[in-house]
Amino acid sequence: MIEVFAAIAGAAISWAARGLLGFSRRNEEAAAAVIRLTSAVEHIATSLETLHTDIKETNREMFQRLNQVENRVSKLEVK
């Protein structure tokens with residue numbers, strides 16, 4: 001009878017240990033996932049910053065050309 005209780009207690013301890021190890025593994029996997037997501041977000045932020053800079057430069061160039069065209073049209077209208 002004592003052997004049965006010892007076997008049940010051993011099984012319960014083993015089951016608890018497996019649960020704790022599984023929980024620890026899931027925490028490590030979650031931490032790795034957070035690190036991967038953080039690096040992905042940083043990469044996207046860098047790409048967006050580059051895109052924003054390119055758009056600002058394109059807009060600056062486009063408005064300079066538009067201003068030149070407006071000046072030429074206004075000179076032609078005066079004549």
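Partly exposed describes a residue whose relative accessible area falls between the buried class, under 20%, and the exposed class, over 50%. The views below show a predicted model.

View 1. The chain has 1 helix and 0 strands. Helix α1 covers residues 2-78. Of the 79 residues in the chain, 1% are buried. The accessible surface comes to about 7,500 Å². Carbon and sulfur atoms account for 65% of that surface.

**View 2. A nonpolar patch on the surface of the chain**. Four side chains build the patch: Ile 44, Leu 48, Leu 51 and Ile 55. Together they present about 370 Å² of accessible area. Ile 44 sits in helix α1.

**View 3. The salt bridge between Arg 60 and Glu 57**. This is one of 2 salt bridges in the structure. The closest N and O atoms of Arg 60 and Glu 57 are 2.9 Å apart. Both residues belong to helix α1. They are 3 residues apart, about one turn of the helix. Arg 60 has 44% relative accessibility, so it counts as partly exposed. Glu 57 is also classed as partly exposed, because its relative accessibility is 43%.

**View 4. The salt bridge between Glu 61 and Arg 65**. Here the closest N and O atoms are 3.0 Å apart. Glu 61 and Arg 65 lie 4 residues apart in helix α1, so about one helical turn separates them. Glu 61 is partly exposed, because its relative accessibility is 38%. Arg 65 has a relative accessible area of 52%. The cut-off for exposed is over 50%, so Arg 65 counts as exposed.

View 5. The structure holds 2 salt bridges. One joins Arg 60 to Glu 57. The other joins Glu 61 to Arg 65.

Definitions and conventions: Residues numbered from 1 in each chain as written. Predicted model: local features only at pLDDT ≥ 70, side-chain atom pairs only at ≥ 80, totals over all residues. Heavy atoms only, no water. Patch = residues over 30% accessible without salt bridge, like charges linked within 9 Å, V, L, I, M, F, W, Y side chains within 5 Å. Areas by Shrake-Rupley, 256 points an atom, 1.4 Å probe, with all protein chains shown as cover. Helix = DSSP H or I, 4+ residues; strand = E, 2+ residues; numbered from the N terminus. Buried < 20%, exposed > 50% of the residue type's maximum accessible area, 1.4 Å probe, protein only.
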